[in-house]
Amino acid sequence: MTTPPLVSPFGGQPQPQQQQQQQQQQAQAARDVNTASLCRIGQETVQDIVLRTMEIFQLLRNMQLPNGVTYHPNTHQDRLGKLQEHLRMLSVLFRKLRLVYDKCSENCAGLDPIPPEQLIPFVEDDSSKHEDRSAGQNRPATEERREILEVNKKLKQKNQQLKQIMDQLRNLIWEINSMLAVRS
């Protein structure tokens with residue numbers, strides 16, 4: 001998708017200044033590729049790879065082995081040609097994915113890596129913990145994990161207490177109902 005070179009109004013070769021300007025614009029367009037759009041292209045490429053791989057397995061499943069059964073050589077050659085075409089396209093797609101990966105890595109090289117634990121949102125009751133975390137006072141993941149386990153343990157204890165209270169209320173209501181039934 002390159003544009004044809006500009007021709008001077010007097011005919012002949014393109015002017016050097018216009019040609020240089022055109023090359024600069026093309027180089028700028030190549031640099032302006034957004035990392036998010038590269039990731040989308042990579043995602044689509046992975047989907048194409050999966051689709052092609054499924055088609056390859058479908059072709060392999062439908063191919064018959066020459067186990068003494070007569071087969072048509074034309075059909076075999078056609079399927080073999082399709083299989084080779086799919087394998088060639090799969091190779092092209094993997095090369096494309098590698099280029100996208102390298103370009104994304106190059107674009108993200110200067111960024112500070114964020115630990116995956118910080119990318120997972122946690123539901124918290126008080127907003128002070130969220131403010132502390134955003135202020136840069138991050139605790140190690142093991143400490144957070146320990147706190148989560150403690151909260152889960154306390155939650156189980158409270159649930160057990162609630163279950164006991166519900167059982168006691170059920171028994172009390174049953175006794176009241178049985179006394180009322182005896183009186184009537």
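**Notes on the helices, the core and the cysteines**

1. Let me begin with helix 2. Its 28 residues reach 40 Å from the first C-alpha to the last, close to the 40 Å expected at 1.5 Å a residue. Please keep in mind throughout that this is a predicted model.

2. Have a look at where helix 2 begins. A side-chain oxygen of Asn34 comes to within 3.2 Å of the backbone nitrogen of Ala36 at the start of this helix.

3. Helix 3 passes the length check as well. With 35 residues, helix 3 should span 51 Å at 1.5 Å a residue, and its end C-alpha atoms are 51 Å apart, which agrees.

4. Which residues of helix 2 are buried, and what do they pack against? The buried set is Leu38, Gly42, Thr45, Ile49, Ile56 and Leu59, and these residues pack against helix 3. On helix 3, the buried residues are Leu83, His86, Leu90, Leu93, Val100 and Cys104. What covers them includes helix 2.

5. Next, the nonpolar core. The largest one has seven residues: Ile49, Ile56, Leu59, Met63, Leu83, Leu90 and Leu93. Helix 2 (35-62) and helix 3 (73-107) are the elements that give two or more residues to this core. As general background, nonpolar side chains tend to be buried together in soluble globular proteins.

6. Leu83 touches Ile56, Leu59, Leu60 and Met63, if residues up to four places away in sequence are not counted. Leu93, which lies in helix 3, counts as buried because its relative accessibility is 8%, under the 20% cut-off. Setting aside neighbours within four places in sequence, Leu93 is in contact with Thr45, Asp48, Ile49 and Arg52. The C-alpha atoms of Leu93 and Gly42 are separated by 9.7 Å, although the two residues are 51 apart along the chain.

7. Is His86 buried or exposed? At 14% relative accessibility, His86 counts as buried, and its place is in helix 3. The side chain of His86 makes a polar contact of 3.0 Å with the side chain of Arg52. A polar contact of 3.3 Å joins the side chains of His86 and Glu55. Beyond its neighbours within four places in sequence, His86 is in contact with Arg52, Glu55, Ile56 and Leu59. Ile56 and Leu59 are also among the residues that Leu83 touches.

8. Finally, the cysteines. How many disulfides does a search of the whole structure find? The search finds zero.

9. Cys39 counts as partly exposed because its relative accessibility is 46%, which falls between the 20% and 50% cut-offs. Cys104, in contrast, is buried, with a relative accessible area of 11%.

Technical notes
Residues numbered from 1 in each chain as written. Predicted model: local features only at pLDDT ≥ 70, side-chain atom pairs only at ≥ 80, totals over all residues. Heavy atoms only, no water. Core = buried A, V, L, I, M, F, W, Y, C linked by side-chain atoms within 4.5 Å. Buried < 20%, exposed > 50% of the residue type's maximum accessible area, 1.4 Å probe, protein only. Helix = DSSP H or I, 4+ residues; strand = E, 2+ residues; numbered from the N terminus. Contact = heavy atoms within 4.5 Å. Polar contact = N/O pair within 3.5 Å; in protein donor to acceptor, adjacent residues only side chain to side chain. Disulfide = S-S within 2.5 Å. Expected span 1.5 Å × (residues − 1).
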